[in-house]
Amino acid sequence: MVLLVGTSSRMRARSRKRVLPLLGVWFFRGLLVIPFAFMAPEIISLALGRPGSVANVSASTADVLGTSSFLLFVMMLAVTPVYTMTGWRWHLILRRDYGVAMFFTAGTDLTLAAITTGATFPGGPLGRIAGHTFLLFGTLSVFLLIPLTLTANRGAMHWLGGRWKSIQRLTYVLWVTILIHLAFLFGLSSFFLDALAVSAPLALLRVPVVRRRWRSARKARTNRLLRIGAALALIGLFSIGYSQLVHELAVKGTAAFVQRPPSD
Amino acid sequence: MHQDPAAYAEVKRRRLRAWRVMMLLALVCILAALALGAFELHAHGLNQFLYRAPGVGASK
């Protein structure tokens, strides 16, 4: 009897161990629909040809889908540092999910910009996606997502073997082009500084020596205070930038959802 | 357990070819974006390419 009770409680604990990560993964996957949910009313209005819909989409697309794309990129980049700091593995699958979702969000942003921003940018669809320095770097970033997304699956990993990683390192080129895009767009203020604030901890935890030492200290359970202090500082800096970006998305996304976007 | 050297070499060759295809695609993507920018720069001039009025491109 005791043996049976012990076995069933172990089984319950094991199934809880399997269920919680699964719930976590699906929670974070659920967040991926938010940008499209915010934009859906305006896009449907655009498809139905309602008056004012072009201007609404033109005003919202960069604010909602552009901000979302960057947030998805940041979430994707955060997966490896979270693994380094905690040793968790349940969330690793989200790296691919967030990368692919970023491609679709940024691609939709680019497409809607090419279609609807004629009143803001002269020169036809090409001028609307490459007619300014900041537009060019935004378009370059979306184009760079093509090889990254095409190789974000098991088939491509098998096809490329050990060379798969070198293709995925284009993510770092993408990181730079996105920051240049934001620098041209906002200068050394607001959104660009937020982007730097979220980027700095993610970049630091990717430095091989930092990553290696953190991982070995975690495994050996040493330097606990130092690790907690560093984690608090890095998470704090990340949160400062991240909360601003989420606030921006919440405000602009809600305005887009009720089809009352701020005018440019 | 050991793979046939000829088969191993074939796999290596196939993976190198795959890598070249993907790097070529990445290069084409980069060049396509730069070509669009160069075309717009040529068509509308440097001033318009560099100058951005406040609020244009994002509402902030």
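Reader: What does A:Ala106 touch, not counting residues up to four places away in sequence?
Author: A:Ala106 touches A:Ser69, A:Ser141, A:Val142 and A:Leu145. Two residues are in contact if their C-beta atoms, placed from the backbone, lie within 7 Å. This is a predicted model, where local features need pLDDT of at least 70, side-chain atom pairs count only at pLDDT 80 or more, and totals for chains, interfaces and linings use all residues. Residues are numbered from 1 along each chain as its sequence is written, while chains are lettered from A and ligands numbered from 1 in the order in which they are written.

Reader: Is A:Ala106 buried or exposed?
Author: A:Ala106 counts as buried because it has 26 C-beta neighbours inside 10 Å. The cut-offs are 20 or more other C-beta atoms within 10 Å for buried, 12 or fewer for exposed, and partly exposed in between.

Reader: Which helix is A:Ala106 in?
Author: A:Ala106 is found in helix α4 of chain A. Helices (H or I, at least four residues) and strands (E, at least two) are DSSP runs, numbered from the N terminus. A:Phe104 is also found in α4, which covers residues 94–116. A:Phe104 is partly exposed, with 17 other C-beta atoms within 10 Å.

Reader: Now the core. Which residues touch the most other members of the largest nonpolar core?
Author: Those are A:Leu72, A:Phe73, A:Val74, A:Met76, A:Met102, A:Leu144 and A:Leu145, in a core of 59 residues. A nonpolar core here is a set of buried Ala, Val, Leu, Ile, Met, Phe, Trp, Tyr and Cys residues joined through C-beta atoms within 7 Å.

Reader: Which helix gives the most to this core?
Author: Helix α3 of chain A, residues 53–86, with 14 residues.

Reader: And what is A:Met76 in contact with?
Author: Leaving aside neighbours within four places in sequence, A:Met76 contacts A:Arg95, A:Tyr98, A:Gly99 and A:Met102.

Reader: How many helices and strands does chain A have?
Author: Chain A has twelve helices and zero strands. Of its 264 residues, 35% are buried.

Reader: At what angle do α9 and α10 of chain A cross?
Author: The axes of α9 (residues 170–186) and α10 (residues 190–204) cross at roughly 155 degrees and come within 7 Å. Axes are lines fitted to C-alpha atoms, for helices over the stretch in contact, and angles run from 0 to 180 degrees between N-to-C directions. The crossing angle makes α9(A) roughly antiparallel to α10(A). Angles under 35 degrees count as roughly parallel, over 145 as roughly antiparallel, 65 to 115 as roughly perpendicular and the rest as oblique.

Reader: Which residues make the contact?
Author: α9(A) uses A:Leu179, A:Leu182, A:Ala183 and A:Phe186, and α10(A) uses A:Ser190, A:Phe191, A:Phe192, A:Ala195 and A:Ser199.

Reader: Moving to chain B. How many of its residues are in contact with chain A?
Author: 25 residues of chain B contact 34 residues of chain A. The largest share of the chain B side, 16 residues, comes from α1(B).

Reader: How does that side of chain B divide by class?
Author: The side has 16 nonpolar, five polar and four charged residues. Ala, Val, Leu, Ile, Met, Phe, Trp, Tyr, Cys and Pro count as nonpolar, Asp, Glu, Lys and Arg as charged, and the others, Gly among them, as polar.
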